[in-house]
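The following paragraphs guide a reader through one protein chain, from its overall build to particular residues. Please keep the sequence and the model in view while reading.

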Amino acid sequence: MAKAGSKLVIVESPAKAKTIERYLGSDYKVVASMGHLRDLPKSKLGVDIENNFEPHYIPVKGRADVISDLRKRSKNADIVYLATDPDREGEAISWHLKELLNLEDEKAKRVTFNEITKKVVTDSIDKPRDIDIDLVNAQQTRRILDRIVGYKVSPLLWKTIRRGLSAGRVQSVATKMVVEREKEINDFVPQEYWNLDAALNCGSPETAFTARYYGTNGKKKELHSEEEVNHVLSEIKGQPFLVESQKRSVKKRSPAPPFITSTLQQEASRRLGMTPRRTMSIAQQLYEGVAVSGRGTTGLITYMRTDSLRLSQDALNAAAAFIHQRYGDDYYSGPRTYKSKAGAQDAHEAIRPTDVFLTPEEAKKDLNNDQYRLYRLIWERFTASQMANATYDNVATDIISAGHLFKSSYSELKFPGYTVLSADSREEDENAPKYPLPKLTKGQEVFLDRMIPDQQFTQPPSRYTEASLIRALEENGIGRPSTYAPIISNITTKEYVEKDGKYLKPTNLGVVVTELMDERFSDIVDLKFTAHMEENLDEIENGTKEWHEVLTEFYDEFDRELKSAEEAMQGERIKVPDEVTEEKCEICGSNLVIKNGKFGKFLACPNYPTCTFTKPLVVETPGKCPKCDSRILKKKSRNGYTYYGCERGQDCGFMTWDVPTAEVCPDCGKTLFKKNGRGRRKPMCENELCPSFVPMEDRAFKRRKSASSSKTETKRRSSGTRKGSK
């Protein structure tokens, strides 16, 4: 308990508290609030619209003990430092804490840490400020907007589609983007085009190279049919190929800027296979602090919710010193600064390591696999951003035959610059040939080996991945750094969007809800309107707009749309089309459809109630059963745990908690399995007749306990303790 005259610091998480407490003296006690302690009630709207949108906040259910403890500690403390995260939501949490703990203005001090290092923590504690009410009001406005949309529109979805659905101000826009992309794909009409390459040489196989058709008389022309290709071929038949020009130049490629939230999530998805939510969870751990050998608990990266590319002078100086020391003077070309995009809040630095001298290799032994991979990604991106350009020798050649122009180019790395950090950084020009061009002179004749026509068709746009949807949201001004991951999570959890491999596709439910929202609440799902609302929130944060006015302006039009929709859809029910599968009904032969039931999805005959056939929805996995070579199906136990078993069930008896792979055992040819969980796992053989068989006790598998067995074990231990204490 904090003593009278002591100083209390309140943060959100125990990990953050542990790190900060190391840097402060014995006069300070650092405790965690464990996140939000006050919020709008879940059971009702909680916003008095008639009384100028006055919110009604209540303590979060189940947090009474934490609140009571913080009240006692704050009462006995001389100063209470509110040290929640340095963003809108963190500011709002601090404000709620101040109100909930009845702290007077002179006693409550706000401090923020862009990075959790001793210098920044002590400097911030020495320079506290008051709570920024504009930041609080911006977050409060977002919360009220989302509450109004969710609690006013969702009941309409229940009445017209089905119970349990929800609408969201930003999630509805994100769903619409996925739905519209799917429509683009379905409506896409492929267009024919042809590539025409000339395989050329200077008289010997060693001088062979390829040039691609560009156009006629110096003007670019695309070939759209075989007839057009044949016309070019007929004109150049028997005609010489003469070198028009060969130009040599040096090309420079600059490093990418350090990460902001959106680019970190995109690259972590592309290169590490991490979901945005997983990325932010690991980044939070790195920010709050990890136990590092010889350093204690240390914050490894700066704050990870940012849209700014700004870097501190200290960070630039440290990067310069590291690059000179590790790579030499040639790899450093002066400090690089990057300009943030228009509209960026620019509240924090870009995401970077707090100490560039703590390399990923040095930190690896103290990090788990995901922490190491993400720290390495952030460290390399920041360090590379301050290194010299990579330079390439570039050769571009134009060749003419019968007035038709063919082009060939080649780039060769001359100086690696920033690409020395990682092979992943060496992104070669996709169109550049992989073999050098011979040295050619103007007017020189080269010899045709053969012409290579290649028919192609334009491809539809790709479905969004989580990474590309975040990029699209950012480009359209939808959401802010702290909201990208929750947006993706919401639309998939609510089953408006589902993952097909790494791609996102709308469900039938998502399409139906989007069509209804588009028809009845066009403003809410309009990208420009939503982006404009984000701008309004930024203006509230900057103190240039009053938050009640923004809510009033929004609600007047929204209320009209809501009343119009309720009147127009009175008594109307919209059916969500069933997803039809290739599996046949065993009674009537119809294609089975996927239905949602109390215990999840299942297959059913579409002719119900005439035909009542149903069967479980099973997911086939890679590989075959090691006992009988039948299919392996993904299943769920009564307690909701995923396991894998033979499709023949008890007739075979094979089941495992381990995940089947597409790999086979080199000794017996049976399917290999990997231990369930994140990270890289070594495949193992579960065929009992194989010399490479791995017994259950050697698979590092912790058997899950049922609820009853856990209670029995707890009771047994409890009894043993009491007995021993007598």
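The model under discussion is a predicted one.

Taken as a whole, the chain contains 18 helices and 30 strands. Its C-alpha trace spans about 100 × 75 × 70 Å along the principal axes. The chain has 726 residues, of which 46% count as buried. When contacts between residues at least 6 apart in sequence are considered, 67% of them join residues at least 24 apart.

A search of the whole structure finds 17 aromatic pairs. One of them joins Tyr-213 and Phe-406: the ring centres are 5.6 Å apart and the planes meet at 75°, so the pair is edge-to-face. Tyr-213 belongs to strand β10 (residues 209-216) and Phe-406 to strand β16 (residues 404-415), so this pair ties together parts that are 193 residues apart in sequence. Both Tyr-213 and Phe-406 are buried.

A further pair is made by Phe-322 and Trp-379, whose ring centres are 5.4 Å apart and whose planes stand at 90°; the pair is therefore edge-to-face. Here helices are involved: Phe-322 lies in helix α10 (residues 313-326) and Trp-379 in helix α12 (residues 369-385), so the pair ties together parts that are 57 residues apart in sequence. Phe-322 and Trp-379 are both buried.

Aromatic rings also take part in other arrangements. Phe-53, Phe-521, Phe-529, Phe-554, Tyr-555 and Phe-558 form one aromatic cluster. Elsewhere, the charged end of Lys-407 sits over the ring of Tyr-214, 5.0 Å from its centre. Lys-364 likewise lies over the face of Tyr-372, at 4.8 Å from the ring centre.

Some residues call for attention on account of their backbone. Most residues other than glycine have a negative phi, and most peptide bonds are trans. Phe-53, a member of the aromatic cluster, has a positive phi near 60° although it is not a glycine. Phe-53 is found in the loop between β4 (47-48) and β5 (54-55). Is Phe-53 buried or exposed? Its relative accessibility is 4%, and residues under 20% count as buried, so Phe-53 is buried.

A cis peptide bond joins Tyr-608 and Pro-609, with omega about 10°. Pro-609 is placed in the loop between β22 (600-604) and β23 (614-616).

The loop between β22 and β23 also holds Pro-606. With 39% relative accessibility, Pro-606 counts as partly exposed. Leaving out residues up to four places away in sequence, Pro-606 touches Ser-590, Asn-591, Leu-592 and Val-593. Pro-606 and Ser-333 are 68 Å apart in space, C-alpha to C-alpha, and 273 residues apart in sequence.

Two other loop residues complete the account. Ser-225 is situated in the loop between β11 (219-220) and α7 (226-236). Its relative accessible area is 16%, and Ser-225 is therefore buried. Apart from neighbours within four places in sequence, Ser-225 is in contact with Glu-192 and Trp-194.

Arg-463 lies in the loop between β17 (445-457) and α13 (466-475). With a relative accessible area of 25%, Arg-463 is partly exposed. Which residues does Arg-463 contact, leaving aside its neighbours within four places in sequence? They are Arg-181, Glu-182, Ile-185, Ser-468, Asp-500, Tyr-503, Leu-504 and Lys-505. The C-alpha atoms of Arg-463 and Leu-374, 89 residues apart along the chain, are separated by 26 Å.

Key: Residues are numbered from 1 along each chain as its sequence is written. This is a predicted model: local features need pLDDT of at least 70, side-chain atom pairs count only at pLDDT 80 or more; totals for chains, interfaces and linings use all residues. Side-chain values use heavy atoms; hydrogens and water are left out. Helices (H or I, at least four residues) and strands (E, at least two) are DSSP runs, numbered from the N terminus. Buried means under 20% relative accessible area, exposed over 50%, partly exposed in between (1.4 Å probe, protein chains only). Contact means heavy atoms within 4.5 Å. Rings of Phe, Tyr and Trp (its six-membered ring) pair if their centres lie within 6.5 Å; planes under 30 degrees apart count as stacked, over 60 as edge-to-face and the rest as tilted. A charge sits over a ring if NZ of Lys or CZ of Arg is within 6 Å of the ring centre and within 35 degrees of the ring normal.
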